Amino acid sequence: MKHARLEDMVKGWFVGDFDPSVSRSKDVEVGVKHYRAGDHEEEHHHRVAVEITLVLSGEVEMMGRTWAAGDIIVVEPGEATSFTALTDATNVVVKLPGVTGDKYLGRLPG
């Protein structure tokens, strides 16, 4: 058996090909992300990974739309989104596959 605490992980990420991690994997990355109202992440895209976001609590803006608790947003490779927490919010984020360095600012060129 293993045991860890989320607060000991980096930015909420706890499964993936990084340290610390409760399970090292190149196949997937999983994180629980806590945001305060107004927190913002710049527009970015992934060229390889699908990014799946489950809004556990609060309201957020992604892909130009407002999402609330229970919504699941699937961002395909090449699709760009920014992120804004409209209220305090908690999300579960899954990236398939877990590809180191697959985060690019802005939209996919072309």
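Predicted model: local features only at pLDDT ≥ 70, side-chain atom pairs only at ≥ 80, totals over all residues.
## The five-strand sheet

An open sheet is built from five strands in the order β1-β2-β9-β4-β7, and the pairing is antiparallel. Its edge strands are β1 and β7 (72–75), each of which pairs on one side only. On average, and with direction ignored, neighbouring strands of this sheet are turned by 20 degrees against each other.

Strand β2 is mostly covered, since six of its seven residues are buried. On one side, β2 runs antiparallel to strand β1 (residues 13–15), to which two bridges join it, and here Trp 13 stands opposite Gly 31 in β2. Strand β2 is also joined to β9 by seven bridges, again in the antiparallel sense. Within that pairing the bridge partner of Gly 31 is Val 93 in β9, while Val 32 stands opposite Val 92.

## The β5–β6 hairpin

Strand β5 (residues 59–62) and strand β6 (residues 65–68) pair in the antiparallel sense over four bridges. The two strands form a hairpin with two residues between them, and Val 60 is placed opposite Trp 67 of β6.

Met 63 belongs to the loop between β5 and β6, and its phi is near 55 degrees, a positive value in a residue other than glycine. With a relative accessibility of 35%, Met 63 counts as partly exposed.

## The nonpolar core

The largest nonpolar core has 10 residues, among them Tyr 35, Val 60, Trp 67, Ile 73 and Phe 83. Strands β5, β7 and β8 are the elements that give two or more residues to this core. Val 60 makes contacts beyond its sequence neighbours within four places, and its partners include Val 55, Trp 67, Phe 83, Ala 85 and Ala 89.

Which aromatic pair does a search of the whole structure find? There is one such pair, formed by Tyr 35 and Phe 83, whose rings are tilted at 40 degrees between the planes and lie 4.4 Å apart, centre to centre. The pair links distant parts of the chain, with Tyr 35 in strand β2 (residues 29–35) and Phe 83 in strand β8 (residues 81–85), 48 residues apart. Tyr 35 has a relative accessible area of 12% and is therefore buried, and Phe 83, at 5%, also counts as buried.

## Charged groups over aromatic rings

Lys 95 lies in strand β9 (residues 89–96), and it is placed over the face of Trp 13, at 4.9 Å from the ring centre. Because its relative accessibility is 13%, Lys 95 counts as buried. Leaving out residues up to four places away in sequence, Lys 95 touches Trp 13, Asp 27, Val 28, Glu 29, His 46, Ala 49, Val 50 and Glu 51.

The charged end of Arg 47 sits over the ring of Tyr 104, 3.7 Å from its centre. Arg 47 is also touched by Leu 108, which is in contact with His 45 and Gly 78 as well, not counting residues up to four places away in sequence. Leu 108 is found in the segment after β10 (104–105) and is partly exposed, with a relative accessible area of 42%. From C-alpha to C-alpha, Leu 108 is 9.3 Å from Pro 77, although the two are 31 residues apart in sequence.

Lys 11 is not a glycine, yet its phi is positive at about 55 degrees. Lys 11 is found in the segment before β1 and is exposed, with a relative accessible area of 67%.

Cis peptide bonds are found at two prolines: the bond from Asp 19 to Pro 20 has omega near -5 degrees, and the bond from Leu 96 to Pro 97 has omega near -15 degrees. Pro 20 is in the loop between β1 and β2, whereas Pro 97 has its place in the loop between β9 and β10.

Definitions and conventions: Residues numbered from 1 in each chain as written. Heavy atoms only, no water. Phe/Tyr/Trp six-rings, centres within 6.5 Å; stacked < 30°, edge-to-face > 60°. Buried < 20%, exposed > 50% of the residue type's maximum accessible area, 1.4 Å probe, protein only. Lys NZ or Arg CZ within 6 Å of the ring centre and 35° of its normal. Contact = heavy atoms within 4.5 Å. Pairing = 2+ DSSP bridges. Axes fitted to C-alpha atoms, helices over the stretch in contact; angles between N-to-C directions. Core = buried A, V, L, I, M, F, W, Y, C linked by side-chain atoms within 4.5 Å.
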